[in-house]
Structure formats: structure tokens, C-alpha cells
Amino acid sequence: MVVRPRGRRVSVMSSDSRVVVLGGGFGGLETAFNLRLLADDAAELTLISDQDHFLFKPNSIYVPFGLDPEKLKVPLAPAAKRRRIDFTRAKATAVDTDAGTVETEAGSFPYDRLVIATGADMRASEVPGLAEHAVSTWTPSDMLRLRWAFERLVETRRRRRVLFLVPPNNKCAGPLYEIVLMLETWLRRHDAREGTEVTWSTYEDTYIQAFGPRLHEVIGKEFARRGISGHHGWVVDSVEADAVHYENGEQLPYDLLVSFPPYVASTPFEGLPADDRGFLETDLATRKVMGHPEIFAVGDAGDFPVKQAFLAFLQADAVASHIAAELAGNEPELDFDPVSMCVMEQFDKATFAQVPLRLTGDVSRPVEVRPDADGAYRVGSYKAWRAGKKMLGHSVPWRFRHGLPFHGGNFWRAMDTGLKAMSKVLAD
């Protein structure tokens with residue numbers, strides 16, 4: 001093992017340098033690209049993904065309103081090659097912790113350290129009737145189907161009822177909030193708002209419950225301003241062809257049902273500790289899988305209750321820091337600190353939220369805003385935040401296309417400074 005001063009890159013190959021990263025999403029790419037910067041040639045990096053491209057999923061919210069989903073894709077092979085990362089397209093099927101190998105459809109890959117960033121999937125079948133009757137927002141194909149449905153709202157020119165539904169075990173409903181607000185603006189611009197009844201229902205006690213009272217208040221005001229009927233604390237029981245039934249005895253009729261189904265881990269790994277939905281149990285700060293200090297879980301694959309791109313970035317940065325430090329024989333400089341940032345598009349404006357989170361230990365409300373957050377908890381809605389949304393939509397794919405981490409170097413320091421300055425000025 002070669003020891004370097006704290007903060008220096010490692011440039012000599014160590015005997016335990018093989019790092020395998022599973023997953024070509026936010027968490028996987030940020031980990032791989034950041035580790036290459038931090039560890040240089042001390043890490044022998046392999047990236048394995050079941051897709052040949054990265055999908056900038058946050059901007060898929062624009063697909064129902066006309067965006068070509070192909071524009072959201074970044075090819076993985078050229079980006080990996082730029083950073084001397086071996087890339088294999090294959091689905092991971094198992095991890096042999098005794099042998100230190102990952103089993104895939106393309107063969108076995110040995111590792112000294114393993115980063116699992118295989119993401120989440122949807123399981124609509126948990127709610128009777130949901131898969132048969134609702135339009136999901138999970139894949140580009142789903143979003144194209146939703147585009148057709150929205151266009152029909154304008155073309156038919158007759159009264160239509162659109163119902164948005166968030167069922168239990170959804171881990172990040174933010175994009176669905178964006179779509180309902182964008183739809184309302186879009187309908188007004190197409191002179192079709194008067195003939196469309198828009199309703200929202202969520203199982204959560206408050207809107208975007210994990211992000212605290214300020215965002216709940218903002219969403220409530222927006223729903224009132226836009227004439228959207230909102231219901232929180234309504235837990236779905238079943239879905240029929242023309243109505244949703246709730247556990248409180250209520251039912252809501254619809255012509256178009258849009259839903260973000262319950263989350264499960266996309267790839268279960270037998271033998272690794274996981275919760276009942278397949279999410280890997282981890283140490284919060286290091287993202288190390290419990291009982292396996294050589295294995296890390298990043299982003300949606302891990303058990304942090306909120307699944308979000310920005311939080312995946314933060315987890316990936318912490319993992320890259322820890323692995324680079326271990327290769328250098330140093331102490332890591334960074335732990336995972338769950339401070340979420342998001343920009344919610346509405347077409348006529350956008351809402352920014354910076355939310356310091358903490359775990360509660362309560363299964364019904366697993367995270368909350370930190371009681372001592374004070375000025376670090378910021379929420380604001382302004383037209384100017386749309387520029388921030390667009391900037392993120394361009395910068396993240398550009399960075400990944402060039403094999404660079406989003407949170408890296410002078411680029412991120414400048415953007416981080418700009419976002420924090422804007423949030424101080426443009427907070428409600």
C-alpha cells in the first residue's frame with residue numbers, strides 16, 4: 001500500500017486496486033469518474049451496466065410536452081474510455097462475497113472493492129389495478145405514452161378528468177409534482193384548461209413529506225392558485241377502469257390516471273443485507289454495506305429513504321473519497337451528508353429547495369428536516385429558477401459525456417457557489 005499526504009491523488013497501483021462499479025446512472029457514473037480523478041492510476045476501474053447509455057432522467061419530465069427522449073441519452077462506452085475505465089454492457093446477477101466476484105450475463109468479474117449503483121424499479125402490481133389502468137412516468141416509453149394522452153386532452157375539447165396518484169412506498173414523488181404543475185401551465189397555454197379537471201392525491205400526510213413544511217406550503221399554494229384539487233393522507237386501496245378507491249372510503253373518478261408506482265430495488269443480491277424491498281442496508285456516512293466493508297451501495301440501490309439524483313451524487317462523492325483514501329492509506333475527507341437540492345419545473349416558474357435531512361428511525365416517517373437546519377433550509381419559487389433547471393439539464397450530461405464527475409473541480413465549486421447565492425436571495 002502506498003501512502004500519500006492527505007488530499008493528494010494516488011498514482012501508484014496498489015495490490016487491492018480493482019474497483020468494479022455496477023450501474024450507469026447518476027450514482028455509478030459519479031463514483032467512477034470522481035474516483036478516477038481522486039485516485040488516478042491507483043484504481044483499476046471497471047464499469048458494468050445493463051444499458052449502453054446514461055439517461056438524464058430528471059429532464060424526462062419534458063418528454064410529455066414534446067422533448068425527444070433520445071436527447072437525454074449519453075453513450076457510456078466513449079465516456080468510460082476517456083477516463084481509462086473498462087466498460088461492459090451486461091446485467092449483474094449475483095455477488096459472491098467469498099470469492100470477491102460479480103456474476104453477470106457476460107461472465108464473472110473479480111473485485112477488491114465493489115460499488116453497487118444498480119438503481120430502483122417500479123412495482124405497480126402492489127396496488128390492485130394500477131398497472132392495468134394508470135400511465136406511469138418511469139421510462140421514456142411511459143413518458144411518450146403520457147405525451148399522447150396529454151395531446152388528446154387538447155384535441156378532444158371536451159371535459160376530461162386527470163388524476164395524479166402517489167401510492168405508498170414511493171420514494172421520490174418530486175417529478176410527478178413537476179408534471180402536474182407543468183400540465184396545468186401547458187393546458188392554459190393551449191386554451192384547454194377550462195375543460196380539464198386536475199386532481200392530486202398522495203398517501204403522505206403532507207405534500208413531499210420528506211422535504212418538510214415549507215415545500216408543503218408552497219405546493220398547497222400552487223394547487224390553490226391553479227385550481228388543482230389536492231388530497232394528502234389518502235392511501236390508495238385499489239384502482240378500477242374509471243375510479244380510484246382509497247382506504248378512507250373515498251373514491252375519485254378519472255378519465256386519465258397518472259401515477260408514480262411503489263419502488264423496489266432493481267436488482268436483488270442474495271446474501272447481502274437488504275430491507276424488505278431489496279434496498280441494501282448501509283452505514284449512512286460511508287455507504288458501506290453492513291458487514292461488508294469492501295462493498296458500497298450508492299443512490300437508489302441503497303437504503304436511504306429518499307431516492308433522488310442529487311443525493312445519489314453526494315453518496316457517490318463520499319464513496320469515491322473513501323475508496324481513494326483507502327488506496328492511499330489516508331483518512332477519507334468526505335462522508336455522506338444528506339442535504340438535498342432540487343429545482344421543480346412548472347413552465348411559468350420553478351421552485352428551488354435546499355433541505356438538510358436526517359434519519360428518524362420511524363418507519364412511517366423515515367426522514368425529516370433537521371430541527372437545527374435554520375437558514376440552511378431554503379425554499380423559493382421564482383421565474384429565475386427555471387434558468388437553474390436548464391443549466392443543470394445541460395451541465396450534467398455534458399460532464400458525463402466527457403467522463404467527468406458533476407461534483408468535481410472548479411466547475412462544481414462555481415456552480416455550488418452560484419446556487420447557494422441564488423438560494424439566499426430567492427428564498428421565500
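Predicted model: local features only at pLDDT ≥ 70, side-chain atom pairs only at ≥ 80, totals over all residues.
To find Glu178, look along helix H5, which covers residues 174–189.

What does the side chain of Glu178 reach? It gets to the backbone nitrogen of Glu345, at 2.7 Å. Glu345 also turns up in the list of residues that Glu178 touches, next to Ile61, Val343, Met344 and Lys389. That list doesn't count residues up to four places away in sequence.

## How H5 packs with H4

Two packed helices are described by the angle between their axes and the distance between the axes. Here the pair is H5 and helix H4, and H4 runs over residues 140–156. Their angle is about 35°, and the axes sit 11 Å apart. As for handedness, H4 and H5 make a right-handed crossing.

Which residues meet where H4 and H5 come together? From H4 you have Met143, Leu146, Phe150, Glu151, Leu153 and Val154, and from H5 come Ile179, Leu183, Trp186 and Leu187. Sort the residues of this contact by class and you get nine nonpolar ones, one charged one and no polar ones.

## Thr31, buried in helix H1

Now hop over to helix H1, made of residues 26–39, where you'll find Thr31. Is Thr31 buried or exposed? Its relative accessibility is 0%, so Thr31 counts as buried.

Thr31 has a polar side-chain atom 2.7 Å from the backbone oxygen of Gly27. If you set aside neighbours within four places in sequence, the contacts of Thr31 are Val115, Val298, Ala316, Val319 and Ala320.

Ser108 has a relative accessible area of 43%. That value falls between the 20% and 50% cut-offs, so Ser108 is described as partly exposed.

Which residues does Ser108 contact, leaving aside neighbours within four places in sequence? They are Thr101, Val102 and Glu103. With Glu103 there is also a polar contact, side chain to side chain, at 3.2 Å.

Notes. Residues numbered from 1 in each chain as written. Heavy atoms only, no water. Helix = DSSP H or I, 4+ residues; strand = E, 2+ residues; numbered from the N terminus. Polar contact = N/O pair within 3.5 Å; in protein donor to acceptor, adjacent residues only side chain to side chain. Contact = heavy atoms within 4.5 Å. Axes fitted to C-alpha atoms, helices over the stretch in contact; angles between N-to-C directions. Left-handed = near helix turned anticlockwise from the far one by under 90°. Nonpolar A, V, L, I, M, F, W, Y, C, P; charged D, E, K, R; others polar. Buried < 20%, exposed > 50% of the residue type's maximum accessible area, 1.4 Å probe, protein only.
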